[in-house]
Amino acid sequence: MNISRMKGKVRAWFSKPANVILLVFLILLTVLTLYPLITMLLETVTVHLGREARLAKLPVGSKTLFHFARLFATSENKYSWITFYQPLLNTLAVSVSASAIAILFGGTVAFLVTRTNLKYKKFVSAVFTFPYIMPSWTLALFWETFFKNVMIGPKTSNGIMASVFGIYMPEWFVYGGFPIALVLGLHYAPFAYILIGGILRNMDANLEEAATILKTSRMRIIRKITLPIVRPAMLSTFLLVFASSMSAYSVPVFLGSPVRYYVLSTTMKSLMDSYKGQAYIVVAVMILFGVGILLLNQAVTNSRKQFTTVTGKSGQISKINLGKANRPIALLLVLILLLVAVVPLITFALESVIIKAGDYSLSNMTLDFWIGKDTTQWLDQGDSTGILLNPKVWSALGNSLGLAVTCSVVAGTCGILVGYGVSKRRGSKLASWVNNLSFFPYLMPSLAFGAIYLAMASGIPWLGGFLLMALAGSIKYLPFASRSGVNAMLQLSAEIEEAALITGVPWWKRMIRVIFPIQKSSFLSGYLLPMVSCMRELSLFVLIVPTSNWLLTTMLMQYSEKGWAQFGNAINLLIIIVVLIVNFTVNKLTGASIDKGVGG
Amino acid sequence: MPEIILKNVTKRFGKFAAVENLNLVIENNAFITVLGPSGCGKTTTLRMVAGLETPTDGTISIDGTVVFDADKGINLAPNKRDVGFLFQNYALWPHMTVYQNIAFGLENLKWDKKRIRARVDELLALLKIEEFEGRYPSELSGGQQQRVAIARTLAPGPKVLFMDEPLSNLDAKLRMEMRTELKRLHRDTDSTFVYVTHDQLEAMTLSTRVCIMEKGILQQYAPPLEMYNNPANRFVADFMGNPTMNFIDGSLGADGTLRFGSLKARFQPESGTMPAAGDVTVGIRPEYIDIEEDGPLEAEIYSTLPSGMETTVKMHTGGMPLTAVVFGDVDYAVDSKVRFSIHKLGILFDKKTGMNLGRGSLEEPANA
């Protein structure tokens, strides 16, 4: 092969924007995901300053396998059992149950909404994604404040259930594996609703009609035709919820730690303080599980190809008539949704106005924690004004919004570019590498991701504060954006762009004038999801935030730790309201919705 | 002066060769169809000439300019090739009105507003879609969308227009209508058309020359009627014409005695030179078989397919199936006996290679 021929090939390769984009992202993502990963793996064999060095009796910075031996094989005081194996089993139990709950609940609702004549469908489908939009600790916090009592757990005070209704719930119901799995299951049920509902909605009605013609009974059709067709979506949901539950941190902190019920993420956090090496091993184990799940998910989505004929165009399917059961089922569903989506908000509002915990009489209420000029009369310490008059709250809100917008712009734009590159070069090794790399951050537990970035940035003086948080946030949320970017681009036939290419429209103009406007709502969803996630993010930023009152979420954490319940609840409500407002404004204005970025 | 020249153009996807060593000269103002079954490399060929696909090897020049040369590393971008491309699914931009769709390319060439307005109006009139100017593509029928796509492609006045099965999504009646329009358009626009299709009727009726491909290899490149009457090989003969040609295996003797199926005849080559004796396949067009009362041959009716203007007659002679076409509306009772003759030429193909050995008349045919 001669030189000009080579040159021509290279030039032809680089003249395609998709190739350049993929190459840039391959390098960028390798640096930003693989490099931290390697740094982290090195930490697992390094001796760190402090208690760790004293325990290992080794010089700081030396390489050792001591942490592995300590974490995996120390029988003394049942150390390994308590710090690793028990939390691992708890994690598996919680994640599997959460996935099962999510699929059962979300899948059932999806079926009811798409396949039956259920009443109040509009309300159900509008409210169902609420729990996912709200921060995951919302439900956990609600669960605790609602059911806690002085007989169990930390035995601090009575919640609404005990003080208003006089019912004292048993400990297993309020704290531990059961509520954690339930709360996570409810939080991620929208995954199941969106994924399974999507298939059910697009499923060619002819498939079921053909069975009806052959005199198959309704139940048999569901069992033999409908369920097998949605099975891949159910598996995808299972794996996604499993991965998300495994790395969840705030829910087990609120509902597990008070009764010493630990999972991997909470053990990791407590190890991080004095035994970094072991903490990073726990992270590695979690990532290993994540990679396994990613591979499984890929195998599942690949075998899903056999169902591509499912997206038919045939008309309305005959809906199952629920008959007399319709109203009871619908009311039950509305009740559950109110409990999950609306009651928490009311609870937080209540908790933010009562003066003495546990007393819900009107005389015990004040708006001072919101708009009071001086709250020292109610709280012996604490900030002296209500949160809406507190400049620190406003600046934290500004910071949170600023960070959310930055992360969303960076992640959303990168997501579109990755989507473009991957879809144009579909099937090539380069494309599948970039595609997998862009999904990888999803598998890294947020807390660990933050810790790794902190470690990575410690050697780079200009990387810190806002810049570091923005970088970590953008990369962490890239998976959402790149998913919706890839999906949007795959729906667009290549001819649409080629028609512009042939008349000499430059690449950037093709993107802005042709591709973006056509898939506007999908692309904007790729911006919306990172924004919403970032607004309510705690664990990713908790280690890298400059001061704890810098972001709203970390401020909330700080207030909770200090026991200023009213301020905490008020800020929590503020965060939820801001997130809901952002979500619904963007949704109404542009048609973007978080549905489009989930799963895939 | 020849307009488009392809030399040794090859395209491989991994080990699979989509187009193999293609040589083609497309004259100025020609209307060329690239014809073949799906997956034969015809669309790839078109996309390579337009610049949407990069060939693995070879050179392509348009109007004297080398637009691609693998050895010299030349590869002009599609927009530098001065070509238009009409896509199978129209690829109209759904977020732009008809006017905006047509004008977009012109804005891009930095035409001034007045000139764009005038040009778009001209095209709207040419394609009879004036009243749809303000509509969005989703508000148009398939045929109307097709016209908009054509207008958009023609707007910058490309010297060469590539079309990738542009009529395959239309219903039969509309397709016929658009064929007429395209042929007319070719004359009115004075440009070179390269048209990809798998429909042999489209190739026959539209083009000045047909390029027929199979498995990435050029089979024949000739005017449509020549291809019909003197196909280079059995594949071409089979692909051109509907109903398809009758192929009957047989053998040719040195003296010209032809035995094929249950029939025999004396082969009289048109060129005067008798092909070498051996195993052959005899090809007879259905319209060359005449059903007539005093015909020398006898057959049994298997079924008749009347379509109004003509009737396709499937029959068996000595157990061997034969297809004939009769003008007009005739109906024969199934299993009835008819007499027939072969009044025109047959073509001999080499039984092994399928190559055309020569045309000739089949004298004194008889049932063997």
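**Overall fold, cores and chain contact**

The model is predicted: local features need pLDDT of at least 70, side-chain atom pairs count only at pLDDT 80 or more, and totals for chains, interfaces and linings use all residues. Residues are numbered from 1 along each chain as its sequence is written, and chains are lettered from A in the order in which they are written.

Chain A contains 27 helices and 0 strands (DSSP runs numbered from the N terminus; helices are H or I, at least four residues, and strands E, at least two). Of its 600 residues, 47% are buried (20 or more other C-beta atoms, placed from the backbone, within 10 Å of the residue's own).

The largest nonpolar core holds 158 residues. Such a core is a set of buried Ala, Val, Leu, Ile, Met, Phe, Trp, Tyr and Cys residues joined through C-beta atoms within 7 Å. Ala102(A), Val183(A), Ile196(A) and Ile571(A) touch the most other members. Helix α11 (residues 177-202) of chain A gives the most, 16 residues. A second, separate core of 104 residues includes Leu127(B) and Phe260(B).

The two chains also touch (C-beta atoms, placed from the backbone, within 7 Å). Chain A supplies 21 residues and chain B 25 residues. On the chain A side, α1(A) gives the largest share, 6 residues.

Conventions: Buried ≥ 20, exposed ≤ 12 C-beta atoms within 10 Å, placed from the backbone.
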